[in-house]
Amino acid sequence: MKYFKNKFFIVLFAAATVLIIFTTVFSAMGLQNQLKNFFNTLATPVRWCVSEIKEAFEGFGEYFSDMDSLIEENGKLKEEIQSLEDRLNEAIIAEEENERLKEYLEVKRIYNDYKFTDALVIGHEAENYMTIITLNRGTGDGIEIGMPVITSSGVVGSVCEVGYSWCKVRTVIEASASVGAYVSRSGEVGIIQGDISYKESGLCRLEYLDEDADVEVGDLIYTSGTGSVYPRGLPIGEVVSVGVNEYTRTKYAEVRVFSELDNLKYVMIVTEFEIYSEEESLTQENLNKNGYE
Amino acid sequence: MSKIKTVSRTELREKNKAAGKKLIAGASVYVIVTIILAVIQTCGFELFGCSIAFILSLVCSVGFVFGEKEGAALGLFGGFVCDCLGTVGFSILPLFYMLCGYICGIMIKWFLSRNLPSFVIYCLIVGILREGVTFLYYMLYSENFGFFETVIKVLIPEYFAFVLFSPLMYLLSVLIKRILMRNRK
């Protein structure tokens, strides 16, 4: 107990007691606020500095405390983005489906006496630069070699090879393709042939026209039905230039096909069509033209 | 025969002067630190939703590191400053802090060794006493005093906040002591 009986402790204890009594009396006299006010005024600059530091620390702390909510929000946003992306993909698919059905309806409207099977382009022949395309229909769908393939714009080509669930289509601009055609304005008859030099430009040639044949730039070319591969009156393309072969002395015309062969997605395979007599075909041709226009 | 070392009066004066300088330097440092910590304590620095008793930690650490006299003196001053800057009325804080600082110094001499774990043990005990004082405060000044609510929402968080921060004050006091000792050499 010697530690509590020494002078220092007794003095300090007395001082503390006096301080308590002193402050209590001050408080009872209502002078408490003045004393507090004095000390608080002295502490104001320090308090200001401390509050600034505190704010900085709080900001730093908030960064970490907000981290959890930010991570949670980030997760929610990612989910939302994923959901929106899914919806966007669905919308794109629906749009493509819609486009395909519109195309199908359009073709059905124009060629209402033909029977069709719709098909999706699933490949292009690499070595032949988009002049032979592969479709997702085959013998299982009733597809046979020689069936014409069209879009609402016009002729694409004809089936040249077929498997159970696929078929290949030789387009009209393929070098080995030959399609009987005529000029709608003048009735001049020729043969549409592909040319290796035209493949990249998407052109083909209307050959074997007479030297004095009436063909002009802008004339529309249709299938003539010769050879029974294509029905008569399917639009092929438009004449972009006319020339004369120096050796054979025959006229030819460069034709830009209507079908966008490099952007094909959906096509129609004509599985059945009527072969009309010349008179019938003219009537039918007019009907088709009206439908096309 | 043992030799008695004689010290001249000038030498003694020089020694006393140096000791006085050290005392003044130490006291000045602690007065400034106490005021700053008291302001921090009353500025809304919180842990577990409660203000941290920096001053009590400081007083205990000074008693622990420097001795009971220094602890008691700082306790008296610190308690007074806390009372002056606090929002509640005047209290027994100067006496309580003084006793804490004093007993802390004595504990070292009685049975505690001067190291951080011993200090933490001491703070665990002081913290309980301090929460007793806080409990009295609440009984006196809180209008809607609820026992369990006070214990759960105030006393327990305040206790742990105090205990968690006390090692920091101990290290601060050790650092200040080392600086003062170096200056003396």
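Modeller: Beyond its neighbours within four places in sequence, B:Cys100 is in contact with B:Leu56, B:Val59, B:Cys60, B:Gly75 and B:Val126. The model in which these contacts are found is a predicted one. B:Cys100 also belongs to the largest nonpolar core, which has 54 residues. Together with B:Ile55, B:Leu56, B:Val59, B:Cys60, B:Leu76 and B:Tyr97, B:Cys100 is among the residues that touch the most other members of that core. Both chains contribute to this core: helix 1 (7-28) and helix 2 (32-110) of chain A each supply at least two residues, as do helix 1, helix 2 (54-65), helix 3, helix 4, helix 5 (116-141) and helix 6 (147-184) of chain B. Another core, of 47 residues, lies apart from it and includes A:Val169, A:Ile173, A:Leu206 and A:Val257.

The contact between the chains takes 24 residues from chain B and 23 residues from chain A. On the side of chain B that touches chain A, two or more residues come from each of helix 1 (9-41), helix 3 (68-85) and helix 4 (93-110) of chain B. Helix 3 of chain B gives the largest share of that side, 9 residues. By residue type, the side of chain B that touches chain A comprises 19 nonpolar, 2 polar and 3 charged residues.

With 22 residues at 1.5 Å a residue, helix 1 of chain A should span 32 Å, and its end C-alpha atoms are 31 Å apart, which agrees. Its buried residues are A:Leu12, A:Ala16, A:Leu19, A:Ile20 and A:Thr23. The buried residues of helix 1 of chain A pack against helix 3 and helix 4 of chain B. The face turned away from the buried side of helix 1 of chain A carries exposed residues, namely A:Lys7, A:Ile10, A:Val11, A:Ala14, A:Val18, A:Ile21, A:Val25 and A:Ala28. After helix 1 of chain A comes A:Gly30, with a positive phi near 80°.

Definitions and conventions
Residues are numbered from 1 along each chain as its sequence is written. Chains are lettered from A and ligands numbered from 1 in the order in which they are written. This is a predicted model: local features need pLDDT of at least 70, side-chain atom pairs count only at pLDDT 80 or more; totals for chains, interfaces and linings use all residues. Two residues are in contact if their C-beta atoms, placed from the backbone, lie within 7 Å. Helices (H or I, at least four residues) and strands (E, at least two) are DSSP runs, numbered from the N terminus. Ala, Val, Leu, Ile, Met, Phe, Trp, Tyr, Cys and Pro count as nonpolar, Asp, Glu, Lys and Arg as charged, and the others, Gly among them, as polar. A nonpolar core is a set of buried Ala, Val, Leu, Ile, Met, Phe, Trp, Tyr and Cys residues joined through C-beta atoms within 7 Å. A residue is buried if 20 or more other C-beta atoms lie within 10 Å of its own, exposed if 12 or fewer, and partly exposed in between; C-beta atoms are placed from the backbone. The expected span of a helix is 1.5 Å times one less than its number of residues.
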